[in-house]
Amino acid sequence: MSFKKVLAAVSASALLVFTLGVMAGCNSGPSDEEVIRQSLIEELDQIKNMDDEFMNEMATDMDVDELSTYGIDGVEFMKTYLDGFDYKIDDITVDGDKATAKVTLTCKSFTAYNQAVQNAATALASNPDALPTTEEELNQLLGQTVMDALAGVEVAETDQINITYTKNGNTWTPSAASEQEITTAMLTN
């Protein structure tokens with residue numbers, strides 16, 4: 001399974017959570033900025049705190065069958081990838097019925113993950129006599145190698161992303177382009 005496919009599932013799930021967590025504003029209540037900030041906090045904290053329900057949804061969105069071939073549990077893969085995830089809401093600007101939240105994510109570096117897996121594969125290939133002889137044992141070794149490589153990747157800040165919102169009545173909703181912003185940030189980190 002492609003790691004890009006996994007990250008796309010992560011960001012699609014995050015956006016789905018954002019969309020389902022529609023934010024309603026009220027004139028006598030908190031400001032639009034406060035409503036957007038609180039919604040972002042609630043949604044991003046599900047990722048940061050590795051909420052079990054959210055992690056299960058993420059694993060369900062992935063093609064877990066491909067990961068299980070290598071002895072990798074989809075939920076554990078997501079938890080390992082998201083270990084160290086954090087975020088900063090840098091700024092929220094509201095202009096009429098449009099708003100932009102500037103957010104910086106902290107997550108595992110995709111580039112570092114690719115390099116770690118490549119280094120681990122090179123190390124395995126350099127000693128073919130030490131490789132298991134059965135396909136099942138080899139798949140288990142490859143799965144463990146991927147998980148070890150992923151666990152060893154350091155987190156890094158992404159470039160700042162913009163999550164744009166539109167207000168319809170008293171409800172703020174993120175744009176469909178926000179999913180792409182999240183995916184791009186995670187893949188270029």
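Colleague: Among contacts between residues at least 6 apart in sequence, what share joins residues at least 24 apart?
Modeller: In this chain, 74% of them do. Keep in mind that the model is predicted.

Colleague: How many helices and strands are there?
Modeller: Eight helices and six strands.

Colleague: And what pattern do they follow along the sequence?
Modeller: The chain reads α-β-α-α-α-α-β-β-α-α-β-β-β-α.

Colleague: Switching to burial. What percentage of the residues count as buried?
Modeller: The chain has 189 residues, and 38% of them count as buried.

Colleague: What about the accessible surface of the chain, and how much of that belongs to carbon and sulfur?
Modeller: The surface is about 9800 Å². Carbon and sulfur atoms account for 48% of it.

Colleague: Now helix packing. At what angle do α5 and α7 pack?
Modeller: About 25°, with the axes 8 Å apart. Helix α5 covers residues 74-82, and helix α7 covers residues 135-151.

Colleague: Left-handed or right-handed crossing?
Modeller: Left-handed, as α5 passes α7.

Colleague: Which residues meet there?
Modeller: On the α5 side, Glu 76, Phe 77, Thr 80 and Tyr 81. They meet Val 146, Met 147, Leu 150 and Ala 151 in α7.

Colleague: How do the residues of that contact divide into nonpolar, polar and charged?
Modeller: Six are nonpolar, one is polar and one is charged.

Technical notes. Residues numbered from 1 in each chain as written. Predicted model: local features only at pLDDT ≥ 70, side-chain atom pairs only at ≥ 80, totals over all residues. Heavy atoms only, no water. Helix = DSSP H or I, 4+ residues; strand = E, 2+ residues; numbered from the N terminus. Buried < 20%, exposed > 50% of the residue type's maximum accessible area, 1.4 Å probe, protein only. Contact = heavy atoms within 4.5 Å. Areas by Shrake-Rupley, 256 points an atom, 1.4 Å probe, with all protein chains shown as cover. Axes fitted to C-alpha atoms, helices over the stretch in contact; angles between N-to-C directions. Left-handed = near helix turned anticlockwise from the far one by under 90°. Nonpolar A, V, L, I, M, F, W, Y, C, P; charged D, E, K, R; others polar.
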